Amino acid sequence: MDIIRDRGSRIGTDITARYSVGLAAALLGLSCVGFLVLGSDAFAKSNLDSAGVFSDAGVPPAVSSGSKSANKATMGLRNSEADSLSLLSTKSLAINNELALVHSKTLEANGSPAVPGGIKAQNQSKQVIDTTLKAGRMPSLPKSNPARESELLIAKKLDGGMSAVPGAKLAVAAVPASIAKSRGVDLKVGDVRLLVNLLSPNVVRVRAVKRDGAFSENPSFVIQPDAFANAFKTLGAGAGDNSSGTQADADSVNAAGFSMKDSKNEIELSNPSAQISVRVVKEPLQIIFTDREGKIVSEDLLGRPFQLSSRGFQVWKNSPIDEHYFGLGDKTGPLDRRDQAFTFWNTDAFLFQESTDPIYKSFPFMLAMRNGAAHGIFLNNTYRSFFDFNKSVRSAYSFGSEDGELDYYFFYGPDPKKVVQNYTELVGRMPLPPLFSLGYQQSRGSYFPEAKVMQIAKELRERKIPTDVIYFDGDYKQDAHPFTVNRSYFPDFARVIGNLKQLGFKSIISLDPYLAKAPGEEPYEQGIASGYFVSNPDGKPFVGQVWPGEVVFPDFTRSEVRKWWGGLHERFTKIGVRGIWDDMNEPALFKTPEKTLPLDTVHSFEGRKTDHREAHNIYGMQNTRATFEGLMDLRPNQRPFILTRSGFSGSQRYAATWTGDNTSTWNHMRLSVPQLLNLGLSGMTFAGSDIGGFNGFSGGPSPDLLTRWMQLGAFNPLFRNHSDGVTREREPWVDGPEHEAIRKHFIEERYKLLPYIYSCMEDASRTGIPLMRPMFLEFPSDPSVITNAEQYMFGPSLLVAPRIWDIPGSYVVRLPKGTWYDYWTGKKVKGDQTLSVDPSISTAPLYVKGGSVIPMQSVVQHVEETPEGPLELKVFLAGDSVEKSEHEFYFDDGDSFDYKNGKFLKIRVQTSKSGDGKLNVQTSSTGDYQLRQKQVRVSVFGFDKSVESVALDKADVIGWKFDADTQSVVLPSSDFASGKTQEVTITLKN
C-alpha cells in the first residue's frame with residue numbers, strides 16, 4: 001500500500017511540475033522571441049558563410065520586414081510567412097547555451113543596460129516584444145543602432161537569395177578511399193564541412209560539422225553496422241574509380257557505378273540503379289533530392305539549408321502545402337503531424353493527454369507523403385531534439401538538436417513501404433516473437449497475493465476465455481526492490497510460476513532499471529564493488545529517489561554492465577518466468593526537477609565518457625538490450641519476450657512496447673489508434689495500449705467502453721488488458737454475462753486468426769512492414785484515406801473500422817477501390833465508396849480485401865494447445881478478369897530458434913484463371929516443420945455465378961458445398977503433407 005500512497009503523492013507532484021515547467025517555458029519563449037525580434041551584435045559576429053550556412057550564431061538572422069532584400073530572403077513567401085521566419089522554432093533557440101549572453105548584448109544594442117539573469121532581461125524587453133507581436137512584424141530600429149547595422153549587413157548578404165560573397169567557392173575536399181567506397185563526396189562550404197553519401201539506390205546520408213572538425217566514428221547504439229552493405233553489390237563495374245579522391249571538376253565514376261558530376265554551380269551524386277539522385281547547389285547552398293526523372297522529391301528551404309551553432313543545429317526543408325507527415329513513434333495527436341511540433345526527450349508522462357509532449361519514447365523518424373509518393377528522414381542524434389512541421393514556418397518543416405553532430409538519413413520510396421523497409425534496415429527490425437506473446441494477456445497493478453493470482457488463472461480457464469499471459473506488477477517484490485520477492489504475498493514464488501505453467505499460462509514480471517541502495521543485497525553490493533553505476537561528475541554513484549526510496553542506476557551504455565545485469569535474471573528464468581517487463585526506464589525519477597537523472601551525470605558509452613544529455617534517450621533501449629542479451633545467454637534456444645515503456649529508434653530489436661499510462665476514457669482509446677499506427681511506421685511494430693485504460697479516477701471504464709476497447713485490442717499487435725491497482729477490475733467477466741460473451745467472442749476471433757497474425761509478424765521481422773498499418777501504406781495513391789486515423793489495415797488483408805466515439809448513431813467507413821468482403825458474413829461489398837455503419841455493441845466492422853487469403857485455425861485456450869480440425873484457407877476473390885494472386889504463410893514451433901536451421905513451414909497459395917475461365921487455387925509448401933493440423937480445408941468466396949464442379953488434382957471432389965448467400969464454395973478437408981502440391985479447379989456454370 002506504500003506504493004499506492006506514493007502514486008497519489010506523485011500525481012500531485014507531476015501536476016505541479018507540469019504547470020511550473022509550462023510557466024518557465026513560456027517565459028523562455030518570450031526571451032527567445034525578444035532575442036530574434038530585436039537583433040544582436042551576435043549576428044554581425046556570426047561568421048555567416050558565403051554559401052548561406054549559418055554557423056556559430058545560435059539563431060537564424062533577423063530580417064527587416066521593410067527591406068527589399070529581406071523580401072528576397074524570404075524566397076517568395078507570403079508576408080505572414082516572412083514574419084514567421086523571424087520566429088523560427090523557439091525550441092531550437094531554447095537549447096542554445098549562449099542565449100543569456102547574446103540576449104544581454106541585444107539589450108545593450110537597444111540602449112538598455114545588460115541585466116544578469118534571464119527573467120530580468122525578459123521583463124526589460126517585454127514592452128518591445130509586446131509591440132512586435134501586436135504589429136505582427138519586426139519594429140524598425142534606429143539607423144545608428146548597432147543592432148540595426150548588423151541587420152542591414154545580414155540583409156545585404158541575403159540579397160538575391162543568399163548569394164555567395166564574390167570570390168568564394170565551394171571546394172571539393174580530397175576524398176579518401178573510405179568515402180569513395182561509400183559513394184560520397186566531402187565538401188568544404190564556407191566554414192562548414194559537408195559529407196553526402198549515397199548508401200543505396202534509395203538512401204542518402206548527410207552530415208555536417210565545422211570546417212576543421214572531424215566526423216564522429218564512435219560505435220552507434222542505433223545504426224546497424226551492416227546496413228546497406230550489399231546495396232550496390234550486384235552492379236557492374238563503372239568507368240573508373242575515384243578512390244584517389246582528387247577529381248573535382250570532371251565526372252568521376254567508381255567501381256560500383258557511383259557517379260559524381262561537378263559542374264559550375266552544383267555537384268550531382270547518382271547511380272545507374274538509384275531511385276534517387278542528390279544535387280548539392282553551391283551558391284546559395286542547397287541540397288536537393290530528385291527522382292529518376294529529375295523531379296524534386298525534397299529540397300532545403302532556399303537560403304536556409306541548415307544552421308550550426310556552437311553545439312547544436314537545425315535543418316530546414318521546403319514543405320509543399322499538400323505534403324503530409326507521419327511517424328515520430330510514440331506521440332499523441334492526429335495521425336498526420338503537419339502543423340505540429342514535437343520534442344524527443346523520453347518522459348514519464350503520467351496523466352498524459354492528446355496535447356502532451358514529450359512522452360515515453362523517442363523515434364526521430366518521419367515519413368512524408370505527397371501525391372502517392374513517399375520519402376523519409378531519420379535524425380541520427382540521441383540528444384534532446386525536435387521536429388517542427390509548419391508550426392513555426394508555414395512553408396517549411398525543420399528538425400534539429402541541442403547538441404551532437406548534424407547527421408541525417410534520407411529515404412526515398414516512392415512506395416511508402418520501401419521507405420519503412422530502408423529505415424528499419426538502418427536501425428534494425430523486430431526479431432520473430434514467441435507465439436504466446438500474440439495471444440491475449442491479462443494484467444493488473446498488481447495481482448497479489450498468491451491466492452488472487454490463482455483465482456484469476458482458474459477463472460479464465462473455467463470460463464474458457466483464451467489467455468496466454470498473466471503479469472506480475474510491482475507487488476511481487478519486497479519493498480519494491482528489483483530482483484527480490486515478497487515472501488508475505490508469495491511464500492513460494494517458484495510454485496506459483498509452476499502452477500500457472502501447468503494451466504498453460506506464461507508468467508511475466510516487471511523490473512525497473514535501478515537497484516535499491518541496500519547494503520547487504522547481493523546485486524547492489526556487486527554493482528558497487530565493480531563500479532557499474534552511473535556517477536556524478538565527482539565519480540561517486542548518483543543516488544536518486546524512485547519506488548524503493550534511494551536507488552542507483554546501472555550504466556547500460558557499457559557492455560560489461562549489460563552482461564552483469566542480464567545475468568541477474570537467472571533467479572527468475574530458472575523458476576520458469578517467461579518474460580520481463582522493463583518499466584520506468586525513461587529513466588523516471590521522483591523529486592528531481594528534470595524527472596530523470598541530472599544532466600551532468602556521467603555515462604561511459606563503451607569507454608567514451610559523456611553526460612546524461614546524450615545518454616538519456618537511449619537509456620531505456622540499452623536497458624532492454626541488457627535484458628534481451630541476458631535472456632539469450634540464459635536460454636539460448638528460447639525466444640525472449642520483453643515489454644518496455646521507454647525506447648529509441650532501434651528498440652524494436654529487443655522489446656515490444658505499449659503506450660504507457662493511458663486513461664480510461666473514449667478519448668484515450670481513440671488516441672491509441674494513431675499512436676500505434678505511427679509507432680508501427682517508426683519501426684516499433686509490436687505495440688499495444690493498456691486495454692481499458694491504466695488510470696481510472698472515475699472508477700474505470702464503463703462496461704461499453706471496456707467492451708469496445710476489447711474489440712479494438714483484438715486487432716492490435718499487442719493484446720494486453722492492464723490497469724492500475726486502485727481502479728475497478730477489468731477482467732472480461734466483470735460486467736456480467738452479456739459483456740463477457742462479447743469480449744470472449746473477440747478474444748476467440750483473435751486466436752482463430754493467429755496463423756494470419758503470426759505470418760504478418762514473421763514478415764515484419766524480415767521487412768519492417770508493421771502488422772497494424774495506416775490505410776495509405778496499402779493504398780498510397782488513394783487521397784481519400786491518406787490521413788484517416790479511425791480505420792486501419794491489420795496486415796495486408798483486413799480493414800478494421802472500430803467504434804471509437806461515444807456518440808450514438810452511425811459513422812462512416814471508407815473502402816478503397818476494389819472488391820471487399822464483410823469479414824463476419826462473407827458477403828461481397830463494393831469498393832470505392834463510403835459506408836454508413838452503426839454496429840451494435842456485439843460487433844465491430846471488419847472487412848477483407850478482395851484478392852486475399854486468410855489462414856485460420858480453431859479456437860484454443862492457449863497456443864501450446866493443438867487446434868482441432870483442419871487449417872482453413874479462406875480465399876477471397878478479387879473479382880477481376882485476371883484473378884491472379886500469391887500469398888505465403890509461415891509456421892514453426894513458436895518458441896525456439898530452430899527455424900533458423902530450417903525447422904519452419906511456408907505454405908504458398910496461388911490463385912489464377914485458366915484460359916477456359918476456370919478458377920485454379922494451388923497450394924504448396926516448403927520447410928521441415930510439421931504442421932500441427934493434419935488437414936487443410938479451402939473455402940473460396942466471391943463467385944458471381946453458380947459453381948458447376950470442383951476438382952482436386954484433376955479428380956472430381958465429392959462433398960463440396962456452394963452457399964448462394966455468400967457466393968462461396970467450401971471444400972471438404974484434405975490431408976496435408978509438407979512439400980506436397982495440390983490444385984483445386986472450380987468450374988462455373990455458363
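Predicted model: local features only at pLDDT ≥ 70, side-chain atom pairs only at ≥ 80, totals over all residues.

## Cavities

About 50 Å³ of space lies in the second largest cavity, and the count of cavities of 30 Å³ or more comes to eight. Rolling a probe the size of a water molecule over the atoms shows where empty space is left.

The second largest cavity is lined by Thr 573, Val 577, Arg 578, Leu 631, Arg 635, Gln 638, Arg 639 and Pro 640. By class, this lining divides into three nonpolar, two polar and three charged residues.

## The second largest pocket

For the second largest pocket the computed volume is about 1,200 Å³. Its lining consists of 40 residues, and those that lie nearest the centre are Arg 205, Arg 207, Ser 216, Asn 218 and Asp 407. Taken by class, the lining of the second largest pocket holds 17 nonpolar, 11 polar and 12 charged residues.

Several elements contribute to this lining, with at least two residues each from helix H9 (177–181), strand E4 (192–200), strand E5 (203–210), strand E21 (406–412) and helix H16 (612–634). Strand E4 gives the most, supplying four residues to the lining of the second largest pocket.

## The chain as a whole

The protein chain has 21 helices and 56 strands, and of its 990 residues 61% are buried. Among contacts between residues at least 6 apart in sequence, 68% join residues at least 24 apart. The accessible surface of the chain comes to about 36,400 Å², with 51% of this area belonging to carbon and sulfur atoms.

## Nonpolar cores

The largest nonpolar core has 178 residues, and within it Phe 378, Phe 411, Phe 472 and Phe 553 have the most contacts. Apart from this core lies another, of 43 residues, among them Leu 269, Phe 306, Phe 342 and Phe 389.

When its neighbours within four places in sequence are left aside, Phe 411 is in contact with residues including Phe 228, Phe 365, Phe 378, Tyr 423 and Leu 426. The contacts of Phe 411 also include Asn 202, His 375, Gly 376 and Asn 422.

## Helix H18

Helix H18 (residues 703–713) is largely enclosed by the rest of the structure, because nine of its 11 residues are buried. The buried residues of H18 include Leu 705, Leu 706, Trp 709, Met 710 and Leu 712, and also Arg 708 and Gln 711.

These buried residues pack against helix H17 (666–681) and helix H19 (737–752), and likewise against strand E22 (440–442), strand E35 (690–691), strand E36 (719–721) and strand E38 (792–794).

## Backbone geometry in loops

Most residues other than glycine have a negative phi, and most peptide bonds are trans. The peptide bond from Glu 283 to Pro 284 is cis, with omega near -10°, and Pro 284 is found in the loop between strand E9 (276–281) and strand E10 (286–291). Gly 445 and Ser 446 are also joined by a cis peptide bond, where omega is about 15°, and Ser 446 has its place in the loop between E22 and helix H11 (450–462).

Glu 883 has a positive phi, near 50°, and is found in the loop between strand E46 (871–876) and strand E47 (885–891). A relative accessible area of 4% makes Glu 883 a buried residue. Asp 953, in the loop between strand E51 (947–952) and strand E52 (955–956), also has a positive phi, near 50°, but Asp 953 is partly exposed, with a relative accessible area of 40%.

Key. Residues numbered from 1 in each chain as written. Heavy atoms only, no water. 1 Å grid on protein atoms, 1.4 Å probe; cavity = no way out; pocket = protein on both sides within 12 Å on 5 of 7 lines; lining within 4 Å. Points joined across faces, edges and corners; volume = space filled by probe spheres on them. Nonpolar A, V, L, I, M, F, W, Y, C, P; charged D, E, K, R; others polar. Buried < 20%, exposed > 50% of the residue type's maximum accessible area, 1.4 Å probe, protein only. Contact = heavy atoms within 4.5 Å. Areas by Shrake-Rupley, 256 points an atom, 1.4 Å probe, with all protein chains shown as cover. Core = buried A, V, L, I, M, F, W, Y, C linked by side-chain atoms within 4.5 Å.
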